[in-house]
Amino acid sequence: MDPYTPRARTGTRKKNLTLSAKEYHKVTDTIASVRRNRHYVEDELVEDIDIHVRASRESGRRRRDEASFEAERSFVRAPLNSRVVSSSGHRDKGKGKARDTSLFDVPVELQEALVLEDLLYVLMGIEGTHITYHPDYSPDDEDPLNGLRFVVASSLDPSLRDLVERILPLATYYTAISAFIESRSHIDFGLVNHALCASMRDMLKACDYQTLLSQLEHAFNSSPQFTLQKLWFYVHPTLHTLSLLYLLITDLATADDPTAELSSSSSDASDAEEDARNEALGLGGAKLKAVLSEIKTTGLGVDGGASGIAVKGGEVLAILHERMQSMSGDPAARELYGALLRDAGKPYVEMVQAWIRTGKLVDPYEELLVKESKFINRGTLEMDYTDEYWERRYTLRDGSTLGGSSKQHQAGVPPPRSAGGRLPGGACIPAVLERWKHKILLAGKYLNVIRECGIEIRRDSSQEDDEDLSMDDERFYKCIEDAYTHANRTLLQLLLRDQQLIPRLRSLKRYFFLSQSSFLTHLLDLSHTELRKSAKSASLVKLQSLLDLALNTDAQGEDAMFREDVKVTMAGSGLYEWLLTVVNVSGLEEGDAAEGHAHAHESQKKEREKDKDDKKQMLAIDALTLDYHVKFPLSLVISRKTILRYQLIFRFLLHLKHVEQSLSSMWIEHKTAPWRRPTRPRDWHSEFENWRKRVFLLRARMLAFVQQILAFTTFEVLEPNWRKLEGKLEAGKVETVDQLLRDHVDFLDTCLKECMLTSSKLLRAYSRLIVTCSTFALYTASFTKSANNAIAAADTPDGDHSMAKRWDILGKFETNFNHWYVHLDCVQFYASSENVSLLPLVVRLNSIKSMP
């Protein structure tokens with residue numbers, strides 16, 4: 001509004017400047033009164049100065065004892081807070097006139113002048129004469145963010161009162177906005193709130209609210225034609241702007257306290273009896289209520305709210321965006337909220353850019369959507385079985401993952417607000433960033449891994465021009481996409497080329513999948529005596545030296561790469577018992593889960609009783625396994641989770657190899673004289689011959705069964721799946737690091753499933769068969785001794801009386817091994833219903849079934 005220039009007064013100027021006697025006495029009396037009052041005021045000023053000097057000295061001593069940061073308030077308050085008018089004024093700060101002056105007998109023109117004068121005070125938050133604070137207003141109880149409420153004297157003319165009541169909300173809006181700027185400029189409310197308050201402060205300057213009031217006061221004092229209608233005309237545009245800001249700060253103030261809107265109605269609804277009871281208990285009074293309200297709403301300058309987290313960071317931007325969308329029909333509102341969103345989002349955008357460009361998370365007030373668990377470092381990859389570095393070092397605050405699930409009940413994810421279900425603080429992701437959140441997380445994650453490797457991250461020269469970005473700028477999202485692509489490509493190149501990931505995986509295949517198992521045969525031959533000991537008695541140092549000898553003897557060329565990373569270790573439990581426990585507890589199969597839990601519950605007591613004995617009786621060959629050590633960042637791909645899967649498959653293959661070797665040794669034993677010596681055609685000899693043939697046949701069936709399982713596992717499961725993974729890596733079909741990690745784990749899980757190690761029914765049937773075969777191989781010497789005894793007793797007159805016992809022992813082995821028909825039925829069922837890859841195994845087992 002242009003400054004009002006009063007027009008020149010009409011009329012002639014008086015030339016006689018002489019005072020009359022009456023006027024002279026009036027002036028002298030006024031001067032005398034001023035002098036008398038001056039002495040009284042000077043005495044009061046001297047006392048006030050003494051009090052202030054003493055107070056300043058005491059505060060100076062305290063300030064010297066305190067730290068400079070605590071003593072200097074300007075460090076923790078915004079520097080412009082001193083310019084903000086405080087809304088906690090007292091009721092006695094009026095203009096000093098009588099407040100109960102009636103306007104019934106005052107002309108309308110004079111009423112308008114009086115009300116105009118009051119409005120100029122009220123619009124700055126100062127109580128007037130005929131416009132006063134609301135009767136329910138109390139500086140101690142009232143929330144400053146609600147603004148000051150004023151009422152007009154009832155004796156005012158109705159036409160004037162209607163117009164004044166239209167203007168009065170402007171005072172409420174201004175005082176509330178000023179209080180919000182003062183409170184949210186505290187350091188603990190974060191950078192987004194600071195930027196929002198600065199933008200609001202600039203808007204108050206842009207609309208020239210203080211200048212407008214100054215011009216209105218000048219017009220009121222100098223222009224007789226200045227009316228209430230003109231005042232309304234001048235303040236009406238500002239009223240709309242401040243009303244939009246007031247609606248926004250109301251949403252922000254009540255976001256963490258859904259009961260704030262109901263507080264006034266609930267206080268009015270309290271009856272007199274309850275007030276009297278509280279007063280008797282000492283729970284009444286304005287001061288105590290103010291203290292309780294302060295404890296409830298603030299703590300060290302931060303709103304407590306329902307979740308204990310202030311409205312800051314992403315939540316502020318989300319509320320701003322929701323406000324802008326809901327008011328999209330109002331162009332002025334959309335422009336205002338858009339400007340606020342751009343200004344308030346600048347610190348947020350800068351934090352996102354620092355994260356996606358350098359991998360450094362600079363978030364001192366926990367406002368960003370990405371959070372860091374600083375207690376997890378890369379050293380945990382070598383000792384932590386859950387590989388928390390990649391999965392939990394940097395995560396999204398809302399708990400969401402790439403699969404689209406949200407783990408809001410896990411530790412570290414705050415509960416949502418009771419009003420609207422919005423997550424508090426930085427856990428609330430702005431709607432415009434919702435579909436970009438995973439790329440933001442992964443871009444910084446990848447760069448952080450590269451930084452941990454000691455590689456310097458260089459900024460692209462094209463990124464220098466993208467400093468001034470906002471959340472409504474398309475360049476910002478293009479910057480996210482480019483940063484994600486660059487970080488992903490850089491880390492993939494680091495893993496595949498610099499860290500030799502594919503040769504590493506090939507070495508794992510060779511050592512754990514026994515693709516060239518000559519070293520294993522050599523190791524089993526060298527450590528035969530050591531592996532027959534119990535798991536606790538076997539020497540790991542000796543076994544490690546024997547493994548190194550076997551690897552150095554058999555490995556050549558590329559096969560010899562990374563052999564120093566292979567170590568021997570002992571498992572703490574048997575393979576099949578451990579797998580059954582895992583399957584029953586984790587519920588890998590829905591159909592077998594209930595049965596598995598029931599079986600686990602029934603056998604729980606027996607397992608507790610036999611736990612110690614089983615550990616003592618477990619042989620070293622049953623507990624033997626390999627371990628593989630890699631350094632960061634390869635430990636992200638070859639992590640403890642994946643090493644565990646490799647170990648399970650290795651123990652499964654090792655057991656098969658060991659049983660095959662034992663049955664082959666039995667075949668060599670059966671070529672000795674007791675088993676090849678011809679017998680005479682007599683009844684006893686024919687029975688002994690049949691017994692030997694049955695032993696031969698059972699050994700051949702067992703060996704065929706083990707060999708078919710081993711051939712199916714290696715040729716039908718491990719090799720094809722490995723070729724698929726290797727082809728993806730070599731052809732460059734793996735585009736992201738997370739896809740690489742996921743494909744690697746999926747490859748191992750597929751191998752475990754197709755090897756029948758994730759089905760409780762198949763595991764039970766298979767484990768019984770393998771234990772039967774290994775036990776039968778242990779009876780090799782016993783069977784040979786029994787055959788020698790039978791041949792020796794045949795030449796005696798009494799003959800052999802132990803034939804029945806031999807048949808009984810052999811019959812038990814045959815009965816237990818014939819359970820493989822149950823295993824075949826299970827395999828056929830799973831091949832036809834769930835796992836089609838088991839069909840080749842069905843064909844192989846049916847070929848054994850046709851054996852005589």
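Student: Which helix is Lys-437 found in?
Tutor: Happy to start there! This is a predicted model, in which local features need pLDDT of at least 70 and side-chain atom pairs count only at pLDDT 80 or more, while totals for chains, interfaces and linings use all residues. Residues are numbered from 1 along each chain as its sequence is written, and side-chain values use heavy atoms, with hydrogens and water left out. Helices (DSSP runs of H or I, at least four residues) and strands (E, at least two) are numbered from the N terminus, and the one with Lys-437, spanning residues 437-452, is H14.

Student: Why does Lys-437 count as buried?
Tutor: Buried means under 20% relative accessible area, exposed over 50%, and partly exposed in between (1.4 Å probe, protein chains only). Lys-437 counts as buried because its relative accessibility is 7%.

Student: Which side chain does Lys-437 join through a polar contact of 3.1 Å?
Tutor: Contact means heavy atoms within 4.5 Å, and leaving aside neighbours within four places in sequence, Lys-437 is in contact with residues including Leu-369, Leu-396 and Asp-398. A polar contact is a pair of N or O atoms within 3.5 Å; within protein, one must be able to donate a hydrogen and the other to accept it, and residues adjacent in sequence count only if both atoms are side-chain atoms. The partner at 3.1 Å is Ser-400.

Student: What is the bridge partner of Met-570 in E8?
Tutor: Strands pair if DSSP finds at least two bridges between them. E7 and E8 (residues 624-628) run antiparallel and are joined by 5 bridges. The partner of Met-570 is Leu-624.

Student: How far apart are the C-alpha atoms of Gly-147 and Phe-180?
Tutor: Gly-147 lies in the loop between E1 and E2 and is buried, at 4% relative accessibility. Along the chain Gly-147 and Phe-180 are 33 residues apart, yet their C-alpha separation is 9.3 Å.
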